[in-house]
Every structure is written in structure tokens, then in C-alpha cells.
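Here are my notes on this model. Please read them with the structure open.

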Amino acid sequence: MRVLLTGAAGAIGRTLLTGLADRGHDVIGVDVLPEPAGYDGPWHTLDCTDPDAVAELFAEESIDAVAHLAGLNSEGGFVEELHSHTISTAAVLDAMVEQGVRRIVYASSNHAVGRVPATDLLTVSELPRPDTFYGVAKIAAEATLRLYADRYGIDAVACRIGSFLTQPETLRHLSTWLSPDDCVRLFDAALTCPGPGFAIVYGISANTRAWWDLEPGRRLGFEPLDDAEEFAEAISPRIEDAFDATHVGGPLTSVALHRPALDRAPGAG
């Protein structure tokens with residue numbers, strides 16, 4: 001399968017560049033940044049929020065599916081987050097419709113439901129409950145995927161990624177960790193499973209202390225093999241652990257991130 005990988009210069013992107021290629025896919029990297037050192041495959045440096053640039057890329061390349069990772073990877077302003085995640089997703093989807101590309105796998109986030117208490121196992125039927133503007137933008141992108149799946153019959157899988165790390169570093173990560181190898185397994189399954197329609201899955205490893213239900217991913221062929229519990233004895237407790245365990249979004253639920261969505265002129269209102 002010839003896969004267009006947006007956001008390919010990021011941490012997950014670099015993992016998928018090699019990981020998907022190792023699984024037999026032809027990968028085309030796309031990012032606002034140049035290709036990583038040592039990478040010699042096809043690469044396009046462009047901004048995925050530019051619909052003309054995205055359309056030109058799709059017209060130039062032969063593409064079977066898209067793994068869409070492009071976007072800010074931390075909390076920014078409300079408008080900035082929506083532009084980065086939702087506009088880029090819409091630009092990619094418009095180009096897919098124009099060129100007849102039928103499959104997209106989207107790197108959504110656990111922060112789409114980050115305000116849900118970390119108590120019972122969280123299923124994909126849980127209503128969106130974002131913890132940040134970043135989470136709001138991820139939900140908006142998921143909704144855009146749903147619209148295009150319904151309108152045009154596109155297969156769209158939104159993977160709500162947990163904590164992507166080489167290994168877990170905090171107690172929260174014992175519940176939320178996604179290993180690099182399992183990340184490749186997740187995207188490979190979502191790209192190749194037959195007829196998923198629109199689907200949401202949680203992107204974590206097979207963690208003993210998991211907060212999210214892995215069954216929807218397993219139905220698409222995702223079989224995680226790693227478990228954060230392997231690293232539990234090496235993780236030292238921290239004072240922040242109690243707060244991080246109150247909601248699944250952990251530290252992103254902090255009041256330190258509270259601020260108005262929109263800027264106003266001084267003295268306005």
C-alpha cells in the first residue's frame with residue numbers, strides 16, 4: 001500500500017516512516033519540516049493547512065491511503081489549535097475526495113476525553129469531554145472525518161493516542177502508554193483492515209492498568225503486544241501522581257492551562 005504520512009518529522013511520524021515500510025508499505029513523508037537525517041525516501045515539505053499545496057501533492061503522487069499526523073503536539077490557543085488540526089484534516093479530506101483516495105487513519109488523542117474521571121474502563125461510546133483546546137480541536141477533526149465518511153463513503157479510523165514514549169516514565173503512563181512497536185501495529189491494522197467505515201479506537205499498549213478499552217482496536221486487527229507493567233518497578237512515585245490519576249487527561253486538566261478562547265482588545269466589553 002502506498003501511504004501518505006503527514007506529520008512525518010514528528011516522534012510518531014519518524015517511527016511510522018520506518019515501521020510501516022518494514023511492513024511492506026511504500027511511505028511518502030510530508031511535513032512543514034525537512035526530512036529527518038538519514039531518510040532517503042520520498043518527501044514533501046509543505047503545510048497541510050494549505051489546501052492548494054495539499055491538492056497539488058495528491059495530484060502529483062499515487063496514493064492508496066493516508067496516515068494523518070500533522071498538527072501541533074501541545075496545547076496552544078483555541079484558534080491556533082483548530083486551524084492546525086481541523087483545517088489540515090479538511091484539506092486532506094478534500095484532496096482525498098478529489099483523487100478518489102478511500103482510507104485515512106487519523107492520529108487523534110486521549111485528550112478528546114481527557115476530562116473523564118479515571119475510574120471505570122473507558123469505552124469509545126463515552127461522549128467527548130476534552131481537557132484542553134488541543135482536545136477540542138481533535139474532536140472537531142474527528143467530527144470532520146465522520147462527515148466525510150457519511151458523505152463520501154471514506155473509511156476513516158481515528159486513533160486516540162495515549163502516551164507515546166519509548167518506555168513509561170510516570171505512574172499515569174502505566175495506564176496510558178503506547179509503545180513504538182504497538183504504534184506501528186495500530187496504524188498498520190487501521191490502514192489494512194477491511195471496510196472499517198468510521199471508527200474510533202484507543203491507541204495504547206496492552207497495559208495491565210489500562211484506562212481505555214482495547215476491544216474496538218482488536219476488532220480492526222490491532223493486537224498490542226507490549227505492557228507498561230514491565231517497567232513498573234523502575235518508576236518512582238511523584239507528588240503529581242495523585243492529581244494525574246483523577247482524570248484520564250492527567251496533567252492537561254490542570255488549572256494552569258485555563259485561559260480565554262479568544263483574544264479581546266484591551267478595554268473591550
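1. Terms first. A salt bridge here is a side-chain nitrogen of Lys or Arg within 4 Å of a carboxyl oxygen of Asp or Glu. The model is predicted: local features need pLDDT of at least 70, side-chain atom pairs count only at pLDDT 80 or more, and totals for chains, interfaces and linings use all residues. Residues are numbered from 1 along each chain as its sequence is written, and side-chain values use heavy atoms, with hydrogens and water left out.

2. Twelve salt bridges are present. One of them joins Asp155 to Arg103, with the closest N and O atoms 3.6 Å apart. Asp155 sits in strand E6 and Arg103 in strand E5 (residues 103-109), so the pair ties together parts 52 residues apart in sequence. Strands (E, at least two residues) and helices (H or I, at least four) are DSSP runs, numbered from the N terminus.

3. Asp155 is buried, at 16% relative accessibility. Arg103 is buried too, at 10%. Buried means under 20% relative accessible area, exposed over 50%, partly exposed in between (1.4 Å probe, protein chains only).

4. Look next at Arg185. Its side chain meets that of Asp182 in a salt bridge (2.5 Å, N to O). Both residues lie in helix H6 (residues 180-192), three residues apart. Arg185 also forms a salt bridge with Asp226 (3.9 Å, N to O). Asp226 is in the loop between helix H7 (215-219) and helix H8 (241-244), so this pair ties together parts 41 residues apart in sequence. Arg185 is buried at 18%, whereas Asp226 is partly exposed at 23%.

5. Check helix H2 as well. Its buried residues are Ala53, Val54, Leu57 and Phe58.
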